[in-house]
Amino acid sequence: MNSIKNVPARVLNRRPGHSLEAEREQFDKTQAISISKAINTQEAPVKEKHARRIILGTHHEKGAFTFWSYAIGLPLPSSAILSWKFCHVLHKVLRDGHPNVLHDCQRYRSNIREIGDLWGHLHDRYGQLVNIYTKLLLTKISFHLKHPQFPAGLEVTDEVLEKAAGTDINNIFQLTVEMFDYMDCELKLSESVFRQLNTAIAVSQMSSGQCRLAPLIQVIQDCSHLYHYTVKLMFKLHSCLPADTLQGHRDRFHEQFHSLRNFFRRASDMLYFKRLIQIPRLPEGPPNFLRASALAEHIKPVVVIPEEAPEDEEPENLIEISTGPPAGEPAVVADLFEQTFGPPNGSVKDDRDLQIEALKREVEMLRSELDKIKLEAQRFIAQLKGQVNALEAELEEQRKQKQKALVDNEQLRHELAQLRAAQVEGERNQGLREEAEKKASATEARYNKLKEKHSELINTHAELLRKNADTAKQLTVTQQSQEEVARVKEQLAFQVEQVKRESEMKLEEQSDQLEKLKRELEAKAGELVRVQEALSRTEQSGSELSSRLDALSADRDELSRVVRQREADLLAAQSLAREKEEALSQEQQRSSRERDELQGRLADKESQEQGLQQRLLDEQFAMLRATAVEARRILQDAVGKLDDPLHLRCTSSPDYLVSRAQAALDAVSALEKGHAQYLTSRADASGLVAALTRFSHLTADTIVHGSATSHLAPTDPADRLIDTCRECGARALELVGQLQEQQALLQARPGLVRTPLQGILQLGQELKPKSLDVRQEELGAMVDKEMAATSAAIEDAVRRIEDMMNQARHASSGVKLEVNERILNSCTDLMKAIRLLVTTSTSLQKEIVESGRGAATQQEFYAKNSRWTEGLISASKAVGWGATQLVESADKVVLHTGKYEELIVCSHEIAASTAQLVAASKVKADKHSPHLSRLQECSRTVNEMAANVVASTKSGQEQVEDRDTMDFSGLSLIKLKKQEMETQVRALELEKTLEVERVRLGELRRQHYLLAGATGAPGEEEPSQPSPAPRSGTKKPPLAQKPSVAPRQDHQLDKKDASYTAQVVN
């Protein structure tokens, strides 16, 4: 048996052992070779042919699975040049590969980031470039995944850009920022590459320099698109947002523009780029986004990649395209079985071989016939295309004639408009009117003539289009016939291949299958007969095509005849147009009479319009007068409140009065503007009516609150405030009265009301509490200083109590020692609870300041909330004072120089002071704050400890005091009666003393409230910059001012319980 020698590759590929797995193996092998050649450690640029094969591989498998399967195995951490070329190839694959590459790369983001971080930590020149390049690739992947409308090549139309940006200004703003970030990464890579290279021409021609410069080609392509998109988006942003808001965007764009222009200029000067890419030139200056018309001056930069010359490379057939053996291989195919297995019976051929050879000859004959039919069909198609082109040329000529007629029509329309304008002038000059009418009639005739000609051309054009459609249908039928021939050819080739495969299989069988093979060959012969019949039908269709071509030529002759007939009709239409001209002159005379009649009607309409205009002016003034009447009522009601006794109980703060007066002054300015506009145009009084309404309400509000503020002010400022309010009301009423009369409307001066309003504003500012004038730094320092001083006082109190306990243990014993220890232990527990409360209050205060100050400083927050700050300072002072007083009272009780009642009173005072501190901290705290919960818990603990101090004090007092037992054994009835009377007298004296002391206590509390509110009362002449007073044990600090509470008069004090009831300010 002979062995296989020099079997062609195509024949081997058609053998039964060939499968998709082998094809996949060949594809993987080719990709592995291309990746290994493109990504290596040689300091030279990536060859374009290897990168192109990798990109074609992504399109072949519709993804980058194979690329990443080999790229993961590359030793990227071992060589910076290898990592650099990997980034370059990945950039090209992302730009030009299949769209699914983007999603495949998303799964390997961590690998890309690790490579960049690894080389970023090493001091290697290529390593730093790799770090920057990986950041660019990660940014590119993230951007295109977030915005799938933009392909990785960044080439979209302006319509797609508009659709991606949308109509929401926030989306446009965010998209612009992301494109700026994208551009920054591109420019940073180019600047890093140029920084490492000498810009000399020789460097760009060296392989080491070209290795660094090669990725910049993709960078240039990306930057050109990003620059165009950012310009479009910036103009769109400036059309929707004010210029000040986009100042940062403009600064960033200008910086990128100069960097990009410098990058393009430097790259254009290098010889390496001149043969690979055509770099666009940017304008000298950036676009002016403040001028909307500058968008029309913007020119999109276009990057051109020249066509590459064919490279010398070894032939590698990635995909088998041919479907049959070449012309030189029939002998090889015919002798395939002999070469493979040898002659079946020595050197003698049997009947099967002869039948196979006969079938092959028939197939060759059929193939030659198919080629002839194909050539004939191509010739017919070429003839049809020539005829279609001729018809299209004739159609184009007709279109040109139509366009010319349209241009003449427009010219005539323009002349007609000029003639009509001349007719208007002719109404003033009777002599010129006749000449204008003649020109108009001639122009109208020409217009009608051209209009009819235009309609005829449209009809001719429609007929030609119908003929063209019929020709296109016939051409489609011809193409379908050609496709049928091609399908028959493919069917024959498939059948021949099937016969070959079946013959090969049957040669391996036994002789008993020979009969079956003959039957199959007979079936194939029948199929060949049917194929021949199909070929004969194809020939008949070719003859039908020729007949159709003849019919098309006849149609063309018919079309030419129709065109000549249309020309004759056009001449007849011209004669008809002359007749129409005469009829048009008569119509022109009739139109002149109608024009005179219309002029008379126009005069009547003008008189009616004047009447309506006067009616509008009257209605506008009536609306203004009604508004002025209502404003007068509002102002009279406010002035009446100045003398209303029921209004005496209403009060207001100077701060609110100042805000009302300032708003009224702004309303006066608006009223002046509205008055000036109404004097300019009496037909629109809406601005003056709106300004007058606002002015009346705000001025009345200022007068009422000025009267309410004077009720709490000292006598002299209150009288001046009332007089200023009366003057303001009088001038406002005078102004409103002038606005009700047309004669006095011109003499109205709204600015006269400004003077009394400014007087009210000045008096309100004078009546503001002077304590608010403390400087921000001092007020913020006072809070921290008082809290620190309170903590120090409590620490000192705990230390002193411990010292007193040690002294009591040495100086006393027995019941006295037990009582002293119990009292001092309860005082120590109270001090510890107070210390914990102060610490928690300080934490809550810091939380309040941090959550409420925003962008302001801590001092500005304290100054803004000065009332709350003063309350916090006063509460901390009270706690420190109470702790010191408690220690001194305890010391006196232990040394037998004080009273137990003093200790009880100090305990109550500490409980009240801590409650005041908790209330001051709770005002601005968040109700869900954990510090507030701990502060409330600490407050409850302080109350419990104070109750323990009171309980231990009373218990100790009962143990220490001697209680004498009453002995009445030696007393007579008279002595008992006498002692009873003396006891009653003593009880009455004590009750009298108790009542006097309660009254005195009430007076003291009343004076305390007055002193506490003195710092916030208007008109006080006290220093405006208080400083924290030193701690003392004899003087209690004043309570914090409550701005919503005003003190009552003397007659409002309740003498019975010495309590004071506050009245809420309006």
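1. Buried means under 20% relative accessible area, exposed over 50%, and partly exposed in between, with a 1.4 Å probe and protein chains only. By that rule Leu-154 is buried, with a relative accessible area of 0%. The residue sits in the loop between α8 (125-146) and α9 (158-165). Its phi is positive, about 65°, although Leu-154 is not a glycine.

2. A word on provenance. This is a predicted model: local features need pLDDT of at least 70, side-chain atom pairs count only at pLDDT 80 or more, and totals for chains, interfaces and linings use all residues. Residues are numbered from 1 along each chain as its sequence is written, and side-chain values use heavy atoms, with hydrogens and water left out.

3. Lys-62 also has a positive phi, about 60°, and is not a glycine. Most residues other than glycine have a negative phi. Lys-62 belongs to the loop between α3 and α4 (65-71). This residue is exposed, at 54% relative accessible area.

4. Overall make-up: the protein chain has 32 helices and two strands. Helices (H or I, at least four residues) and strands (E, at least two) are DSSP runs, numbered from the N terminus. The chain has 1066 residues, and 39% of them count as buried. Its accessible surface is about 61,200 Å², with 52% belonging to carbon and sulfur atoms. These areas come from the Shrake-Rupley method with a 1.4 Å probe; for residues, only the protein chains shown count as cover.

5. Contact means heavy atoms within 4.5 Å. Among contacts with a separation of 6 or more, residues 24 or more positions apart account for 81%.

6. Helix α2 (residues 20-38) packs with helix α3 (residues 48-61) at about 145°, the axes 8 Å apart. Axes are lines fitted to C-alpha atoms, for helices over the stretch in contact, and angles run from 0 to 180 degrees between N-to-C directions. The contact includes Phe-27 and Ile-35 of α2, and Ile-54 and Gly-57 of α3. Its residues divide into four nonpolar, five polar and four charged. Here Ala, Val, Leu, Ile, Met, Phe, Trp, Tyr, Cys and Pro count as nonpolar, Asp, Glu, Lys and Arg as charged, and the others, Gly among them, as polar.

7. A nonpolar core is a set of buried Ala, Val, Leu, Ile, Met, Phe, Trp, Tyr and Cys residues joined through side-chain atoms within 4.5 Å. The largest has 87 residues, and Phe-67, Phe-263 and Phe-273 touch the most other members. Helix α13 (residues 216-238) gives the largest share, 13 residues. A second, separate core has 48 residues, including Ala-808, Leu-824, Met-831 and Leu-886.

8. Trp-119 is in helix α7 (residues 109-120). At 6% relative accessibility, Trp-119 counts as buried. Its C-alpha is 7.3 Å from that of Ala-80, 39 residues apart along the chain. Leaving aside neighbours within four places in sequence, its contacts include Leu-76, Pro-77, Gly-127 and Val-130.

9. Cys-938 lies in helix α31 (residues 930-960). With 8% relative accessibility, Cys-938 counts as buried. Not counting residues up to four places away in sequence, Cys-938 touches Leu-836, Leu-837 and Thr-840. Its C-alpha and that of Ala-833, 105 residues apart along the chain, are separated by 6.8 Å.

10. Ser-553 is part of helix α20 (residues 514-640). At 24% relative accessibility, Ser-553 counts as partly exposed. Gln-387 is 166 residues apart from Ser-553 in sequence, yet 8.2 Å apart in space, C-alpha to C-alpha.
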